[in-house]
Amino acid sequence: NVRESARSLMRGDFSSPFFVGYRTFVSEAPEEIDWTIEGVVQAEGNGLIVGDSGASKSLMAYDLTLHLVAGAPWFQHVIKRRRKVGLVSREDATGLSQSRMQRLIYGAGEALRMCLDCVDLEDWLYFNTRAQRETWTLQSEPDIQDIISAIQERGIEFIVIDVFREVWEGNENDNQETAKVLAAAKRIGREGKCQVALIHHLSKSDKGTVFDRARGGGINGWKEWGIGVTVDNPDADPKNHIRKLHFHTKADCSAPPVFYRIAGDDSGVHLDYVENYEAPTYTPKEKKKKKG
């Protein structure tokens with residue numbers, strides 16, 4: 001039976017043959033891509049969120065998680081259903097993480113606010129900071145078991161770890177060392193039955209795509225989807241910075257870039273989508289001067 005053989009294959013049934021034929025293999029193929037965020041994040045895929053220092057990648061990631069919890073479109077990309085989210089913030093002080101999330105909720109636009117009002121955030125959005133665990137790493141078996149148990153207990157479907165470099169010690173340029181830590185992150189996703197997103201820094205190189213610039217060895221190849229954030233007009237006053245979102249997914253053609261500005265005040269902020277944005281242009285002399 002072709003379909004039963006395919007189901008055994010997908011269950012990891014080792015009594016099934018090592019190889020299966022084409023018809024068996026494709027008989028259970030999904031008719032369409034299952035998206036967590038349509039066109040950006042495929043379901044079950046682990047991802048990488050990267051950005052330059054000062055690009056406010058953490059704020060962007062927090063905004064993304066709020067939309068996941070609310071089930072509200074994120075920069076016009078559809079989120080078909082709500083997801084329970086866990087944020088592991090290990091770089092910033094607890095107070096900064098609290099303030100960042102609170103300001104995003106206070107500054108939420110009407111559409112996001114209406115969706116959030118339908119959700120009990122206490123049961124849908126979870127946090128871990130140094131206030132809960134002074135130390136937590138991807139190199140400690142008890143720590144890994146701790147987060148897997150917490151994910152399973154609360155039914156969390158999407159985990160963000162901010163930032164990758166703060167949850168392990170070692171040489172990030174050593175591919176073998178990095179591979180072991182990335183395997184631990186993938187294990188959390190597999191055993192917790194959730195998606196894992198790592199926030200990570202960029203190197204100073206300007207070669208290749210924003211994802212090619214991910215610091216360290218092997219991490220870019222680990223991702224199944226990626227979101228990069230850069231400042232597109234760095235010479236402007238910081239209040240007028242326009243940020244650019246870059247997307248990559250293995251599931252389909254990558255979505256076109258999105259531009260936004262951070263708008264609001266001390267009481268509340270939101271990410272304001274910028275339509276019809278024209279990127280600044282530089283002459284060869286200006287480019288050379290900027291690099292120098």
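Select R100 and Y62. R100 sits over the face of the Y62 ring, 5.3 Å from the ring centre. A charge counts as over a ring if NZ of Lys or CZ of Arg is within 6 Å of the ring centre and within 35 degrees of the ring normal. This is a predicted model, where local features need pLDDT of at least 70, side-chain atom pairs count only at pLDDT 80 or more, and totals for chains, interfaces and linings use all residues. Residues are numbered from 1 along each chain as its sequence is written, and side-chain values use heavy atoms, with hydrogens and water left out.

Next, select K84 and W124. K84 lies over the face of W124, at 5.9 Å from the ring centre.

Now turn to ring pairs. The whole structure holds 8 aromatic pairs. Rings of Phe, Tyr and Trp (its six-membered ring) pair if their centres lie within 6.5 Å; planes under 30 degrees apart are stacked, over 60 edge-to-face, the rest tilted.

Select F18 and F19. Their pair is edge-to-face, with 4.9 Å centre to centre and 85° between the planes. Both F18 and F19 are exposed (exposed is over 50% relative accessible area, buried under 20%, partly exposed in between; 1.4 Å probe, protein chains only).

Go to F75 and Y260. Their centres are 5.4 Å apart and their planes at 35°, so this pair is tilted. F75 is in the loop between α3 (57-70) and β4 (85-89), while Y260 is in strand β10 (residues 258-264), 185 residues apart. Helices (H or I, at least four residues) and strands (E, at least two) are DSSP runs, numbered from the N terminus.

Are these two buried or exposed? F75 is buried, at 11% relative accessible area. Y260 is buried too, at 0%.

Ring pairs link W74, F75, F247, Y260 and Y273 into a cluster.
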